[in-house]
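Subject: Model of chains A and B

Hello,

Here is the model we spoke about. My notes come after it.

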Amino acid sequence: MPRPEHWPRTILHVDLDAFYTSVHQRDDPRLRGLPVAVAGRSRRAVVMGASYEARAFGVHSAQPIHEAMALCPQLMVVNPDGARYRDASRLVHQIFRRFTSPELVEGIALDEAYLDVTARTRHGTTTAEEVARRIKFQIHTEVQLTATVGAATSKLVAKVASGTRKPDGLVLVPPGTEADFLAPLPIGVIPGLGPKTEERLHAMGVRAVGELAAYETQRLVQALGVGGAVLQRYAQGRDRSPVDGSKPAKTISAETTFERDVSDRGELETALRDLTDRVVDRLHSDGVRARTIYVKLKLPDFRLVSRQVSRTSPTDDVETIFRAARSALEKSHVEEHPVRLIGVGLSGLEHPEPDLQLTLFD
Amino acid sequence: MNAKAIATQMKVTCRPSVLSQALQVVSRAISSRTTLPILNNILIETTAEGLALTATNLEIGIRKVVPAEVAMEGSTTAPARLLTDFVSTLPDQDLELSLDGATQSLGLRCARFDTHIKCIEAEEFPPGPRPDEGDRLEVPLDELVKAVEQTQMAASTDEARPVLTGVLVQVQAGNLTLAATDGHRLAVRKLPAQGAGDLEASLIVPARALAELARVLKGEPGRVEIIISKARNQIFFKAGNSELTSRLIDGKYPNYSQVIPSKSSTTVRVPTAELTQTVRAVSLFARDSANVIRVKATSGAVTLSATTNEVGDSKAEMSAEVEGSEIQIAFNARYVLDALGVIGEDEVELLFDGPLSPGLLRPPGKEHYLYVIMPVRVAMS
């Protein structure tokens with residue numbers, strides 16, 4: 001048996017396939033096999049997500065819904081259901097945490113994450129491929145969704161890899177083969193290389209990643225600035241950025257627009273209590289704590305007022321957070337204006353410290 | 001009716017350098033975000049001593065009187081930022097301020113400048129509490145400033161527990177005691193007061209207000225008069241021509257005396273400067289959020305160490321007088337440095353009573369200051 005190759009780092013990029021529509025197709029058998037798009041009700045709504053069946057008609061994200069309907073008249077349009085997406089995402093993250101510690105899972109979006117599973121593969125008892133397979137299998141059996149996984153020695157290559165074989169793919173880029181893997185791909189696959197830069201590179205005769213990798217660095221910097229050199233390093237498959245799950249989501253927030261403007265303090269506090277419960281639920285399901293609690297108010301003239309309360313130590317206690325939210329409300333609502341919308345948000349989110357600062361008073 | 005007499009109100013002459021300094025201090029009471037626009041202004045009034053400047057955010061108020069020649073009495077309120085910025089640029093020659101009462105336009109004439117600033121009537125300014133009645137006591141200015149410096153940094157910035165954002169000011173048996181805690185560390189400083197008589201009081205003063213005290217009273221002579229309002233909702237600090245007012249925080253302060261350790265199993269004595277320098281260096285390797293530095297006391301030596309996986313590690317051993325049993329304990333380095341920075345003694349005594357019990361830091365052989373730190377629970381190797 002050949003000795004497994006040595007992976008200095010084993011990074012997985014896990015991308016759930018057509019996430020939003022897949023969740024709806026999973027829960028509603030009538031939607032399976034049909035072109036489905038998720039979009040709001042308004043006539044000005046845009047497509048948030050499209051099933052593979054819909055993509056075959058040219059339907060894609062960010063497309064105005066009327067355009068999508070013109071391309072695919074039989075398109076099934078469903079309303080977005082944030083709670084259901086978050087729930088599915090939470091289950092998937094629970095699976096991730098079986099394979100590595102929480103601070104080595106970096107969520108990019110509800111349907112996309114990087115995992116550093118180096119510790120799993122280091123001693124040769126298991127391989128990157130095996131870990132990727134098991135994650136795919138567990139997501140499929142437990143959450144009934146399919147995922148595409150890219151496995152490589154860096155975030156960059158793992159992400160490009162997963163992008164090359166969707167849906168339900170598994171792409172392995174073993175150490176030492178990164179540059180060869182990237183070389184034939186179009187430059188647009190490199191994260192951070194936007195349409196403008198792409199156009200400029202095309203004008204310089206650079207179309208494939210390999211061409212960018214081999215281009216004279218000085219001329220590249222002249223044309224694109226220092227960013228050009230960074231893109232070239234990426235093109236060569238060089239990316240040392242760590243998987244950082246210690247700063248999880250940036251904020252968790254919830255808001256509600258009142259049917260009519262509200263100035264009654266009691267009514268505002270009731271809404272505040274409800275919103276606090278909602279954000280704290282999500283805090284708990286993400287397994288993180290918050291340092292900063294803010295309250296946002298929209299006044300009838302659409303003016304936004306926002307105040308925050310910061311704590312010295314992060315918390316996930318619902319009463320503490322509610323008290324903080326109430327004092328932020330007091331700070332922002334001194335003049336008893338009527339309020340059109342109220343929102344509560346948590347930021348400064350972090351995973352609980354393994355070291356525990358003890359307290360003087362209980 | 002004499003229209004001209006009504007049209008001109010207030011005329012004073014003063015030095016821009018003196019006025020500028022006072023404006024900068026008084027402006028400290030102005031909140032960057034206020035819902036009441038008049039609070040962006042400074043109240044300017046002529047008094048027997050000169051020109052009085054007052055600013056407030058309704059939580060704290062600062063008032064300073066600058067020497068001025070008053071030709072005509074009057075008052076107005078001027079936008080703090082503009083006035084402060086403008087006066088600070090002026091050459092130090094006589095500055096004449098004159099107010100047109102009808103238009104509330106404040107003229108400033110100095111050297112080659114002829115400037116007019118739009119003001120708002122003084123009547124619009126919220127009347128601040130005046131320290132006329134209430135209990136009074138006196139303390140030496142430099143001692144009060146030092147005591148505030150030694151305690152105020154231990155107060156919490158966590159507004160979810162308002163009482164801890166204040167400093168507890170206790171008057172008892174002719175002594176003034178300041179205490180502050182954020183729940184993780186506690187600083188207590190005692191100083192003698194005069195004229196307190198048998199007055200007993202326990203007040204919570206916002207740490208933010210006390211943080212301004214040194215700046216407000218700077219350059220004033222000798223003693224500070226402290227006045228506690230009858231309603232027990234305001235405190236005044238007054239020295240010379242300067243005055244700081246603060247509202248008090250409502251609520252019950254935790255009984256801090258019960259968390260001051262009464263016994264210890266290890267006593268360490270080290271030079272303050274050396275310990276400070278060592279903690280500062282080693283703590284660069286303390287992991288960023290909990291900022292943990294490990295302390296190991298053995299016979300004749302204290303070893304400090306810190307590690308962060310992605311950064312590296314550092315260890316330093318310093319000789320020390322160590323009495324009692326050996327100990328390993330961990331602290332947030334910032335809390336340690338905060339105390340060392342204000343203790344103001346050549347040597348410092350550290351008392352421990354096990355790795356999970358509060359540590360005590362104090363000047364050796366003195367009773368006026370103490371600082372308690374709760375440890376961090378870590379996996380000890």
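Predicted model: local features only at pLDDT ≥ 70, side-chain atom pairs only at ≥ 80, totals over all residues.

Residues are numbered from 1 along each chain as its sequence is written, chains are lettered from A in the order in which they are written, and side-chain values use heavy atoms, without hydrogens and water.

Interface. In chain B, 31 residues are in contact with 21 residues of chain A (heavy atoms within 4.5 Å). Two salt bridges cross the interface (a side-chain nitrogen of Lys or Arg within 4 Å of a carboxyl oxygen of Asp or Glu). One of them joins Glu159(B) and Lys331(A), at 3.1 Å from N to O. Strand 13 (356-357) of chain A pairs with strand 27 of chain B, antiparallel, over two bridges; Leu356(A) is opposite Arg377(B). Strands here are DSSP runs (E, at least two residues), numbered from the N terminus, and two strands pair if DSSP finds at least two bridges between them.

Sheet. Chain B has an open, antiparallel sheet of eight strands in the order 6-2-3-4-17-16-15-10. Strand 6 (75-79) and strand 10 (135-140) of chain B are at the edges with a single partner strand each, so one side of each has no neighbour in the sheet. Strand 15 (223-228) and strand 16 (234-239) of chain B pair over four bridges, with Ile228(B) and Ile235(B) as bridge partners.

Regards
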